[in-house]
Amino acid sequence: MTTTEPASPSLRPGGPPGAPAARAATVRPPLPVKMVIAGGFGVGKTTAVGSISEIEPLTTEAAITEVAAGVDDLTHTPLKTTTTVAMDFGCLTIDPTLKLYLFGTPGQERFGFMWDDIVEGAVGGLVIVDTRRLDDCYAAVDYFEHRGIPFAVAANAFDGRVEHTLEEIRWALDVTDGVPVVVFDARERGSVRDALLVVLELALARTEG
């Protein structure tokens with residue numbers, strides 16, 4: 001007499017808790033969260049996105065022509081040969097429930113008309129500054145302040161150092177105590193992640209408040 005083995009319980013619809021089919025049904029994709037990385041020309045926005053992105057970052061780099069070089073200040077970035085003309089894009093999974101989508105803005109004022117489209121829907125922004133030329137980031141700080149978007153200021157440690165203390169940077173930019181000011185290295189993945197988490201915590205606090 002031929003007998004038929006019963007089907008494995010894990011393959012039956014409505015099987016016991018913990019069965020593979022049941023677990024797969026409860027897995028949800030991470031929540032997508034948009035964040036902007038802004039700042040002046042040559043402060044490290046493209047570098048930061050490239051350092052942290054878990055995918056090959058999308059960049060819109062164009063060669064700096066002689067004409068552009070006459071407009072953009074290359075004093076502190078003499079080796080810079082390209083510049084972002086639209087945006088940078090990358091992403092980072094924070095944990096199984098949350099994924100950051102990063103959008104880097106162009107730094108030159110002549111590309112400012114793109115900012116509204118890039119920033120739309122963002123929970124917050126990271127404004128990167130080069131402490132050797134703080135005035136280059138005033139436009140970015142003003143943009144986030146006027147639109148009430150949570151943001152943090154991150155001083156990029158070029159050559160491993162910054163020119164001013166955090167207190168001096170806060171005073172020079174005239175930002176309130178509610179705006180975090182930190183030092184980071186745009187080349188270091190962990191350092192960029194920590195700076196982004198500061199913005200994320202700020203945005204979550206704004207939502208809960």
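**View 1. Strands β4 and β5 are joined by 7 bridges and run antiparallel.** Strands here are DSSP runs of E with at least two residues, helices are runs of H or I with at least four residues, and both are numbered from the N terminus; two strands count as paired if DSSP finds at least two bridges between them. The model is a predicted one, in which local features need pLDDT of at least 70 and side-chain atom pairs count only at pLDDT 80 or more, while totals for chains, interfaces and linings use all residues. Residues are numbered from 1 along each chain as its sequence is written, and side-chain values use heavy atoms, with hydrogens and water left out. Within this pairing Cys91 stands opposite Tyr101 of β5, and a hairpin of 2 residues leads from β4 to β5. Because 6 of its 8 residues are buried, β4 is largely enclosed by the rest of the structure; buried means under 20% relative accessible area, exposed means over 50%, and partly exposed lies in between, with a 1.4 Å probe and protein chains only.

**View 2. Strand β1 pairs with both β5 and β6.** The pairing of β1 with β5 is parallel and holds 7 bridges, and here Lys34 faces Tyr101 of β5. With β6 the strand β1 is again parallel, over 5 bridges, and Val36 has Gly125 of β6 as its bridge partner. Since 7 of the 9 residues of β1 are buried, the strand is largely enclosed by the rest of the structure.

**View 3. Leu100 lies in strand β5, which covers residues 98–104.** Leu100 is buried, with a relative accessible area of 0%. Val33 is 67 residues away from Leu100 in sequence, yet the two C-alpha atoms are 4.9 Å apart in space. With contact taken as heavy atoms within 4.5 Å, and with residues up to four places away in sequence not counted, Leu100 touches Val33, Met35, Gly90, Cys91, Leu92, Ile94, Leu196 and Leu200.

**View 4. Phe103, also in strand β5, has the charged end of Lys34 over its ring.** The charged end of Lys34 is 4.7 Å from the ring centre; a charge is taken to sit over a ring if NZ of Lys or CZ of Arg is within 6 Å of the ring centre and within 35 degrees of the ring normal. Phe103 is buried, with a relative accessible area of 16%. The C-alpha atoms of Phe103 and Phe89 are 4.8 Å apart, although 14 residues separate the two in sequence. Leaving aside neighbours within four places in sequence, the contacts of Phe103 include Lys34, Met35, Val36, Ile37, Met87, Asp88, Phe89 and Ile118. Elsewhere, the charged end of Arg132 sits over the ring of Phe158, 4.6 Å from its centre.

**View 5. The largest nonpolar core has 24 residues.** A nonpolar core is a set of buried Ala, Val, Leu, Ile, Met, Phe, Trp, Tyr and Cys residues joined through side-chain atoms within 4.5 Å. The residues with the most contacts inside this core are Met35, Leu100, Leu126, Ile128, Phe184 and Leu196. At least two residues of the core come from each of β1 (31–39), α2 (45–52), β4 (88–95), β5, β6 (124–129), β7 (151–156), β8 (181–184) and α7 (189–208), and the largest share, 5 residues, comes from α7. Leu196 is in contact with Met35, Ile37, Ile52, Leu92, Leu100, Leu102 and Leu126, if its neighbours within four places in sequence are left aside. Apart from this core lies another, of 22 residues, among them Val119, Val141, Tyr143 and Phe151.

**View 6. Ring pairs link Trp115, Tyr143, Phe144 and Phe151 into a cluster.** Rings of Phe, Tyr and Trp (its six-membered ring) pair if their centres lie within 6.5 Å, and planes under 30 degrees apart count as stacked, those over 60 as edge-to-face and the rest as tilted. A search of the whole structure finds 5 aromatic pairs. One of these, between Tyr143 and Phe144, is edge-to-face, with 5.8 Å from centre to centre and 80° between the planes. Both Tyr143 and Phe144 are buried.
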